[in-house]
Every structure is written in C-alpha cells, then in structure tokens.
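Subject: Structure handover

Hello,

Please find the structure below. My notes follow it.

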Amino acid sequence: MLVAFFFFLNAAVASHDHLHHKRDHVVAARLSAIEEKADLLKRANYIATTGIKGTLSPRLEIRNLKKNADQWALYILGMAKFQAMSQSDPLSYYQIAGIHGRPFVTWNQLPEVNAAGMCPHVSTLFWPWHRPYLAMFEQALFTQVQAVVNTAPASTKSRWQNAANTLRIPYWDWAAVPPSGEGDVPTAIRDQTVTVTGPTGTQTLKNPLYQYTFHPPSNDLGGSPFNTWTTTIRRPYRDNDQQAWRSNNGEFDSVMNSNRVSLRDRVYNLFINNANFAQVSTEATGTNTGNPNSHDSFESTHDSIHVISGGDTGPAGGGDMYYLDLSAFDPVFWLHHANVDRQFAMWQVINPNTYVGNGIITQNNWQWNSGEMKNSYTPLKPFTKDTKGTYFTSMDIRKTTALNYYYPETNSGATASSVKSAVNTLYGPNSKSTFKRDVAGRSLPYEGRPVRQGDHEYLLTINCHKFAFDGSYTILAFLGNVSDANPQAWYTAPNLIGINGVLAMKGMGNSTVPIEGCIPLTTTLQGKVATGELEDLTPYKVSHYLKQHLTWRVLRYGNVVVPADEVPGLHLAVSTCPVEPAKAADEFPTWVGTMQIMANVTAGKPAGNPWTPPANPYGTPSSPSGAPSAPYPTSSNVPWNPSVPEDEPGYCVSHQTIEYVDQDGNFLYSEKS
Ligand SMILES: [Cu+2]
C-alpha cells in the first residue's frame, strides 16, 4: 500500500510538470511527511531479539578476545560505529542503553505503565531480564560489525567475514586473577585511545570502551550536572587544566586491586552454598528469609562493581555506573553484565532444577507496578522473540543457546562437575594473583589458603534498605580504625576487609526496599593467623579478635560519611559455621549446619544489632488475575515452574489503524498493519 502510494505521487509529479512551482512544493512536503510517517510505522513494529544468527559461538573474556587481532579490531571498530549512530534510532547504542533507566521515555513506541526505566532489580527477574537485553545489544552491535566487514577489499573479505561470524560481546571477569603483571581493570577498558588493524588498515581511534560520548546529552539524564556531561565518567575528578570533570580509571584499578579478593570470595561462596534460584539471584531480603546461610546474592555482588566503577565523588555525587538509571551508558556496564550473565549460566549448569519462582516487583518501573507478583512466565518486556510482539519469558531463555551464544565454561560438553572445577580454579583460594605486590608500594590483600579440617567460615552480614538515601552508598569493613579525614582513602586502606555497595538512584527517597549483602571475613582472618596477629580460627579466638578490631563506615554519594546508626534499616552481624574441605577438585567445600550469629562481636557498635526477619518484608503481594497466589517464596516453597502461566497478554499492533496525514494535518489515507 505504502509503495503504491509513493508510486502514485511520483507519477502525479511526473505527469503534471505544468503545475505551478508552489504546487510542486506542496507535493514534496507531503512526500516528506509520508516518509516521516513511514519511518514512525517502521519503528512501531516490533524488533525481534535473536542474538547474532549463524554459528553458535562463545562470548570470551575481554583479555582473551583481545588476543584474536581480527576479532578485536572488528569489535572495537564496530563499537565505535555503534556509539556514533543517531540517538533517535531505536537500535543505536544510546537508545538500547536508555532502555535500562534514563531517559524515562518509552522505547520503540511501546506502551508504558510508568515513566521509568525498564530493568527489574531487587527481583528474581534481575538475571533473566538482562539476558535478552544483552542479546539485543549484541545483535545491534553486530550490524555495525558487519558494516565494518563490508569495507574490506575483496581479497580479504572472507577472512574478515569469518572473524565476524563467531564474534560475540566479551565479558570482564572482575573476580578472577588478572593476567600476570596486570592490574584488575583491563587496560582495554582504561586506555583513552586504541590502535587496531581492521579491514582498511591500521588506525588509532578514541577507545569506545573508555566512555560513551553523548551527541548530545539529554535533559532527562537526571538533571544537573548529567545534562551537561558530554561523556560518561568513572570516579569523577576535577581536571583543573581542562576545567572539566574526567574519569579516574587509575583509581578504579587501585580500588579493584584492593577489593578483588573479597569479591572473589563472595562469588565463590555464592557458587558453593546456595541451591535456590531466588536466594542466589537477587538481593531482595524476602527471598532469603528462612535461610541463615544465605546472606548474599549475585545481584548484591554486582552492585559493588557498579559502585566501584562509578565512584561516589564529583558534582553529581558519583559517576554514571554509580547510578542505576544511568549506568548502561558506560561501556563497562556491558562487560560487567555479560559477566553477571555468565555467572547465571554457570550457576544454572550446577543447579539445573531451580529457576525463577514467584516474586514481587519492588519498585515501579516502565512495565510493572510495585507489588505485582511475577513468575517465570512473565513477559520480559520490551524484548520480543519475533516482529509480532511475542515477548520473551524467563522460560524461553533458560539456555543461552536460545540466543546463539555460550560461555567458555558452559559449552555443550559442560557438566556440573566441569563447572565446579572451573569455579574452584578461578575463584577458589588457590587462585593466586601474580600481580606485583610491590607496585606503587601498595599493600594488597592476603589471598587466602585452601580449607583445612576444623576450619570455620566467618561473614559480616548486612541488612539495609536499597533506597535509604537519594542515591547509592557503600558499607566498608576494616580491622582497626581509619582516619575520617579522607574517606576516599578507605577503599584502598591496608586494613580494609572489603566493601558492600548498594546501587540505587536519585528520586527514590527513602522508600523501604529491604535487601541483604555481606562482606566475607575468613580470608582476612586467615591472613592475620599467617602473620601471627590472631592465634587461630576457632570461634572463641575470632570472636575476641573481631570484637576488639572489627569496625565499619558508611559512605554515600558525594563522598559524605553517614554514621552507621543513622542509616535507615541497617543491621550488621557476624555469622559463623564449620567448613569441611572439598573431597575432590570438582567438588566444593561444605558449610556445616546453620550459621550462628556471634552477637557479642558487634554488640554496642553502631548498627551492630542483628536483623530479625519480619513475616513478609514486602507486605502482601497484589496478584494480577490468573497469577498464582502463592505466598512470597522462602527457601522451602519456591516453585520454579508454576503451573499457571501469568495472564499478561503482550501488545499487538495488528489491531492498529494508522492514519497518514500531511504536514497540515489533512487526512491522506489509512492503513491497517
Ligand atoms: Cu547492573
């Protein structure tokens, strides 16, 4: 119909060349109005998320992808083109990043429930929702990679095409030991420029992994100063020569160097300890109720990477990654989240019989209201499997192969045994860094030793409110005192045990969304035994030692110290249980029995009183019709495959009638799509 109409108008113009000039002008104006409408129609159509079609291929660790010069060049050049796309294109880097949070507008003209971001956090949908999200990013990037391949001369075209066909987005394994002699943040993310040899030769360009350049910044990026920042910024510092705020990636690396072992321990503990999807995937407190051994989640651990890479300094109180609603614009978001998706995939191989259960949406977002009950059949809006509007559900993406990729640890031959071996090698206490310990005179954390008979595990458990403040905040644990003169020095202090970052956003002002996290203490305590400062790891000796030495601080956005007992909902406690060594390389150590709270260690310290779980931390859920009316899941009643699919139909454009008008609003014709 549209094609025919264009033809008619073109024919009309051609056969009436005696028409007055003004008449030609009107026809031309109408033509351009129709083209605009056609463009809108195209955008109203659903965009199928398929991942990259063709050969099933692995997503590689960024430092391994870089070893393949051709694929690395295509990735970098493709990212540069991707970021340069018009910000009004729904498949541009800008618009796909904008799905996550700000700007609070809809995407691809889909109907919205609230003017808000789309990512579900503090929810069992946290892991599954980000899976098609990453695949959409990956396939949109691939379109640009293909454009780079098309610039190759005929003589090398097939070589570049072959490299592109198996290219997938890389992940950054921030918990693993970095390559020998390197810091924890890859230079590929930190360098301002990058030199690659692509299909048309060697070139040096602005590194697309260093920052995203807004063109232009939107007014809906959270107000001043984000609406004036022309790029994303990590750990902002003032460059007085340039009169501008800049990224401090050196500090990003230093903070990771001081915190990686603690983050590694959290990841390891999550793999070895929790066999329930709801407990392990989300930081929502309700999902952990009833399981004293589960105080952590992959979501909470993920929050800490956001907080570390964004930093809590500068005129906005932090960098882009520090704010939930801006984080996806920073290129490191995609490397970080590919790793979180990989943790999801690896965990699934070890735990194939537990999956998304019933869970409550804890904050209003673009597609849902707070309090709604969701499950594994909930449409993961806005991601559709086809162009007709069939949304993905968590059931569709249980396997990464549904989106045509896998990870090195989850290839077709992977078993629970092989993934456990990989986890032990990558994150077990034998995973020692070869990073030069004397670099810049910095004192780096003790890296731990394998579990011995009679050992105990010790955790500093943290309960708090996600939106206690008007932005993110961090709990930092130390042995001994720290000076309050320069809080930024805390992140790399020699007596730092670890941090727990809470990723939030502005404008959520003290709404009560209870979450959990933890800071592992065991490795640090082992180090103190190694230096003779602590006699042994028995609970008796440890409780006395920690009572004397364990301290903590809370730092919120803007580098502001908050007394711990003034943080709404904050409770800290130390828990312990005996640990049995693993019996084989493909088995995990066992935490024996139920963790016991050592209340005397924290008693009398600010916020040092253990948390007692309320019956239902989020209140009574409101069930949409057709949804299962199960209680909020606890460790004992999580159905991973509810029998009643949720009644939430997708939207369908086939019932829409689109009316075409000219620039003056005069009706031209209508079309059913
Ligand atoms: Cu995230």
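Predicted model: local features only at pLDDT ≥ 70, side-chain atom pairs only at ≥ 80, totals over all residues.

Residues are numbered from 1 along each chain as its sequence is written, and side-chain values use heavy atoms, with hydrogens and water left out.

Metal site. His302, His306 and His337 coordinate the copper ion, each through NE2, at 1.9 to 2.1 Å. Donors here are N, O and S atoms within 2.8 Å of the metal (3.2 Å for Na, K and Ca); water is not among the atoms, so sites may look incomplete. Along the chain the donors of the copper ion have the spacing H-x3-H-x30-H. Histidine 302 is in helix H11 (residues 298–310) and histidine 337 in helix H12 (residues 331–350), so that the pair, 35 residues apart, links distant parts of the chain. Helices (H or I, at least four residues) and strands (E, at least two) are DSSP runs, numbered from the N terminus. Both histidine 302 and histidine 337 are buried. Buried means under 20% relative accessible area, exposed over 50%, and partly exposed in between (1.4 Å probe, protein chains only).

Lysine 466. This residue belongs to strand S9 (residues 456–467). Lysine 466 counts as buried because its relative accessible area is 0%. Its side chain makes polar contacts with the side chains of glutamate 283 at 2.7 Å and aspartate 303 at 3.2 Å. A polar contact is a pair of N or O atoms within 3.5 Å; within protein, one must be able to donate a hydrogen and the other to accept it, and residues adjacent in sequence count only if both atoms are side-chain atoms.

Valine 592. The loop between strand S16 (590–591) and strand S17 (596–597) holds valine 592. With a relative accessible area of 35%, valine 592 is partly exposed. Leaving aside neighbours within four places in sequence, valine 592 is in contact (heavy atoms within 4.5 Å) with Cys577, Pro578 and Glu580.

Salt bridges. The count is 25 salt bridges, each a side-chain nitrogen of Lys or Arg within 4 Å of a carboxyl oxygen of Asp or Glu. One of them joins glutamate 535 and lysine 541 (3.4 Å, N to O). Glutamate 535 is exposed at 62% relative accessibility, whereas lysine 541 is partly exposed at 25%. Arg59, Arg131, Glu138 and Asp341 form a network of salt bridges.

Regards
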